[in-house]
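Biologist: I would like to learn how to read packing features in a protein model, one kind at a time. Could you give me the general idea first and then the case in hand?

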Amino acid sequence: MKTKFILMLLLTASLVVGLFAYRDLWTLKPYAVNAAYTNISRVAADGQGFVYTITDSKRTLIKVDPNGELVYKVSSNRDAERNTIQMFNSVAADEQGNAYALLTILDSYGFKVSGERIVKLSADGSRQSVLYEASYSDAENLLRVGKIQSLKVIDGYLYFFRKEADSAVLLRSSAEPGAAKGGVEVMRTIEMPPDRYVFEMTGSDPEHFYFTTKRGRLFQAGVIGAPTQLYPAANTAQLNFPVQIYTNDGTHVYFIDYHNEAVQRLNSAVPGDPAELLIKMDTLRTNYPGTEWSDFTDVFVRDGTIIAAMEDAIIQADPSGTIRTVTDSYHYPWSAILLRFCYWGVIIAIPLMVFLTMRYAYIHLMKRSVSLLVKQLGVLIPIILVAMIGLSYTIYVSFSNKMVEEMRGELELLAGNGKYLVAGADLERINSPLDFMSDSYRSIKRRMNDLFSQAGENRNGLYSTVYRYVDGALYTIADDDDSVTIYKPFPTSEDNLQVLQHGSIVSGEWTDATGEWMYALGPLYGTNGDIIGIYETGKDMNGFRQNMRNILSQVLKLIGLVSLVILIVVTAMTVYLLSSIRRLRRSVNLVARGEWDTEVRIRTRDEVAELGERFNMMAGSIRKYIQEVTTLNDSYIRFVPQSFLNVLGKTSMTQVRLGDQVNRKMTVLVCNMREFSGFSSALSPEDNFRFINSFLKQFGPIVRQFGGFTSRYLGPGLLALFPNDPVDALKTAVQMRGKLEDYNSHRQNSGYEPIDIGISVHIGEVMIGIIGEEARMEGSVVSDQVHLASELEKASHQLGSSILLTEEALAACKPGQRWHYRRLGAVQIHGMNRKLELFDVYEGDPEPIRKLKRETQQKFEQGVELYRNGRFHDAREAFVSVVRLNRNDLAAKLYFFASDQYYQQGVAADWNGAIQIQ
């Protein structure tokens with residue numbers, strides 16, 4: 001029973017562990033077949049057609065097979081350290097389907113970069129290992145973007161760039177985790193002029209790669225000489241800015257141009273060749289009317305297929321730019337759908353298993369008995385847990401809402417003060433990407449940095465951005481995030497127009513491929529007083545939510561500690577209050593075990609003490625009543641033995657009803673005094689009663705000693721039944737014979753004549769029950785086996801046997817018991833239709849008789865066998881030899897006379913080989 005309970009506990013624990021292990025499935029609907037891409041920031045593909053995307057604002061890496069079926073989905077924060085946020089910033093894949101992802105490690109506000117890590121994921125996403133790791137100091141002041149970019153895997157090597165303040169470094173590492181521990185190899189380092197301002201890099205050939213600058217220029221780094229500018233062909237001011245550059249063959253460079261809203265390609269082998277428009281937003285709007293298209297976020301090329309990522313879709317085109325597919329979602333494999341159903345099945349099964357386990361423990365282990373302490377804790381613990389969880393949730397929601405409102409107010413205040421922070425004249429002088437790091441740009445950046453540097457560690461992830469409004473379009477000018485380019489087009493929304501047209505302070509929240517944000521917008525004014533731009537300040541909501549989760553964790557810990565203290569105090573008080581009840585319970589248990597003199601002492605002065613006094617009064621009354629009942633029961637037992645009641649399945653006389661009966665196999669012993677009629681005729685009635693009681697006093701206890709009980713008395717004799725082992729009856733008979741010798745010795749010493757007893761032992765089915773009528777009942781035994789035992793006791797005298805045993809009784813005795821007995825053969829008692837195989841147990845005879853019977857046993861039993869076979873002459877001679885040695889052997893004499901008669905006169909035709917007893 002305990003094993004089953006342990007198995008139920010293990011099953012419940014396994015379900016809970018499984019629920020925790022697959023906790024990511026909690027947010028997924030079990031019946032969902034498809035899932036939409038959201039906030040894609042990077043895309044890559046391998047030679048087998050598997051597509052890898054960084055989605056969910058850089059928090060998730062997804063691998064999809066060529067049929068659009070999900071292979072795996074990995075969270076960026078799966079192994080994140082405490083008080084940090086991790087985001088995917090780049091991805092590549094090899095021919096074996098392994099993915100290589102760049103993880104950027106940020107502070108808890110999602111703002112400052114503390115390190116980067118390149119990890120390798122196995123083809124099924126189950127294993128993850130670190131290939132390269134870098135840590136950055138606060139002095140480097142890296143904001144949201146680290147130094148590593150542009151991962152690419154070729155021939156078992158991982159290539160990537162590391163961007164420094166005045167140089168670009170191409171590094172190579174083994175794609176195998178064990179080999180990567182040997183370090184990375186510097187393939188090439190290019191020193192940059194002070195005004196170059198490297199932005200992005202791509203390529204894997206140390207003699208041939210590309211990079212862009214913050215001024216919107218695309219360069220090719222060759223083997224010798226200074227890098228060559230490829231785009232734009234002339235060093236003229238323009239708003240076009242190549243971003244997300246990528247090359248797969250070292251000759252063609254692909255990039256995104258936000259001004260043209262297109263993915264473009266440039267052939268570096270043809271100097272001055274204009275960039276070719278491949279995938280244009282206008283084409284998408286024309287071919288897919290009614291679809292709202294977001295900006296391009298990344299471009300990748302593999303085996304002649306151009307893959308362009310948008311925030312919510314993936315576009316695949318041929319080398320000419322002809323669109324092949326547009327995918328905005330992927331579908332789950334049936335195994336994942338089944339797993340989700342199983343997960344929700346586990347959610348349903350856990351409370352059911354908890355209920356069944358508790359029910360099983362209550363019914364089978366606790367036997368439906370639950371202590372008052374457990375009951376109290378069973379009520380208090382859920383109440384306290386629900387109350388504390390509700391309190392924690394209320395505090396968390398209230399605090400979160402308050403924090404959000406306070407943060408919104410602070411952001412609106414900062415946005416409103418932006419007009420004092422950014423000089424309109426400086427903003428008006430920034431007209432193209434070429435003005436990056438000009439005096440006006442530096443002035444704006446310095447004012448922005450000074451503002452936040454004053455906050456120091458209290459900056460709490462705040463960021464700021466300056467936008468320029470030119471000819472009805474909005475452009476990003478300055479940002480404290482190094483990943484944002486100057487004069488990047490920014491969509492005009494209702495919030496932006498509210499600021500630009502009315503000078504309002506507007507706040508809100510939005511989510512894009514780079515993250516989730518809360519922002520506030522304020523107007524920026526030119527020298528003539530017109531609104532020429534927007535100052536934006538905001539905070540990364542990922543960091544905010546992470547901090548709120550940390551706060552919630554601390555609140556839960558505190559409330560959990562308070563709950564634990566409350567439970568300990570309540571438990572201690574309950575244990576103290578229950579100590580008196582437990583003392584009373586122990587006293588009750590002692591009384592229940594029959595210790596009637598028990599008294600309880602309660603030291604407190606309360607209701608329990610009063611209950612203890614009443615208990616003592618009750619215990620006294622019970623003691624008195626028990627004494628009376630015991631006396632009465634002892635009186636009953638004198639008339640009806642307890643063993644008799646046990647056979648009937650009763651425990652007391654009060655349970656006995658007229659007609660109660662039971663039929664079972666029992667051993668019957670009949671003991672009677674021989675020649676009692678002549679003996680009693682010489683005694684007065686008073687002497688007769690005294691003798692009979694004296695006789696029974698000697699032999700009755702022996703029956704009880706060996707587990708039997710006396711069914712009825714037969715004058716100076718008794719009928720005893722043995723419900724257990726038949727050997728008990730035989731032991732009783734032998735013991736009675738031994739007791740007879742002591743009794744006769746006492747009688748002779750007192751001047752009385754010795755007496756003799758005959759004993760018979762038989763086994764068979766008997767009916768034992770209650771007979772009589774309602775006013776007078778008695779226990780009785782009704783059975784032919786009892787009558788047979790009585791007749792055998794009478795025949796024992798003629799056979800010269802002190803203990804006469806039937807063949808059935810002997811066979812029922814356990815083997816291994818060594819008794820002295822001899823076979824008397826087949827005996828037929830007058831008035832009975834069947835013959836009986838009888839045995840003379842001379843174990844209890846006086847020693848001289850035992851000696852003679854033992855010496856003549858072989859000859860006697862030989863004569864019995866001859867008699868049975870009808871060889872009466874030989875039988876007679878055998879018995880003559882027995883009688884010569886033992887003249888008192890009545891059985892031998894009986895056989896002798898019968899053998900002689902049959903030898904002289906012959907036997908009847910129906911003779912059955914038995915000796916006749918009259």
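**Burial, rings and helix packing**

Modeller: Phe695 is buried, with a relative accessible area of 0%, where buried means under 20% relative accessible area, exposed means over 50%, and partly exposed lies in between, using a 1.4 Å probe and protein chains only. This is a predicted model, in which local features need pLDDT of at least 70 and side-chain atom pairs count only at pLDDT 80 or more, while totals for chains, interfaces and linings use all residues. Residues are numbered from 1 along each chain as its sequence is written, and side-chain values use heavy atoms, with hydrogens and water left out.

Biologist: In which helix do Phe691 and Phe695 lie?

Modeller: Helices (H or I, at least four residues) and strands (E, at least two) are DSSP runs, numbered from the N terminus. Both Phe691 and Phe695 belong to helix 14 (residues 685-705), where they are four residues apart, about one turn of the helix. Phe691 also counts as buried, at 6% relative accessibility.

Biologist: How many aromatic pairs does a search of the whole structure find?

Modeller: The rule is that rings of Phe, Tyr and Trp (its six-membered ring) pair if their centres lie within 6.5 Å, with planes under 30 degrees apart counted as stacked, over 60 as edge-to-face and the rest as tilted. Searching the whole structure in this way gives 30 aromatic pairs. For Phe691 and Phe695, the ring centres are 6.2 Å apart and the planes stand at 40°, so this pair is tilted.

Biologist: What kind of pair do Phe872 and Trp911 form, judged by the angle between the planes?

Modeller: The pair of Phe872 and Trp911 is edge-to-face, at 5.3 Å centre to centre and 65° between the planes. This pair links distant parts of the chain, since Phe872 is in helix 19 (residues 872-885) and Trp911 is in the loop between helix 20 (890-905) and strand 41 (915-917), 39 residues apart. Phe872 is buried at a relative accessible area of 9%, whereas Trp911, at 22%, is partly exposed. Both rings belong to one aromatic cluster, formed by Phe860, Tyr867, Phe872, Phe879, Tyr895, Tyr902 and Trp911.

Biologist: Which ring does the charged end of Arg822 sit over?

Modeller: A charge sits over a ring if NZ of Lys or CZ of Arg is within 6 Å of the ring centre and within 35 degrees of the ring normal. The charged end of Arg822 is placed in this way over the ring of Phe860, 4.1 Å from its centre. Elsewhere, the charged end of Arg172 sits over the ring of Tyr157, also 4.1 Å from the ring centre.

Biologist: At what angle do helix 18 and helix 19 pack?

Modeller: Axes are lines fitted to C-alpha atoms, for helices over the stretch in contact, and angles run from 0 to 180 degrees between N-to-C directions. Helix 18 and helix 19 pack at about 165°, with their axes 8 Å apart. That makes helix 18 roughly antiparallel to helix 19, given that angles under 35 degrees count as roughly parallel, over 145 as roughly antiparallel, 65 to 115 as roughly perpendicular and the rest as oblique. The crossing of these two helices is left-handed, a term used if the near helix is turned anticlockwise from the far one by less than a right angle, while clockwise is right-handed.

Biologist: Are helix 18 and helix 20 roughly parallel or roughly antiparallel to each other?

Modeller: The axes of helix 18 (residues 847-868) and helix 20 come within 11 Å and cross at roughly 30°, and the two helices are therefore roughly parallel. Their crossing is left-handed. From helix 18, Phe860, Val864 and Tyr867 meet residues of helix 20 including Ala891, Tyr895 and Tyr902.

Note on methods: Contact means heavy atoms within 4.5 Å.
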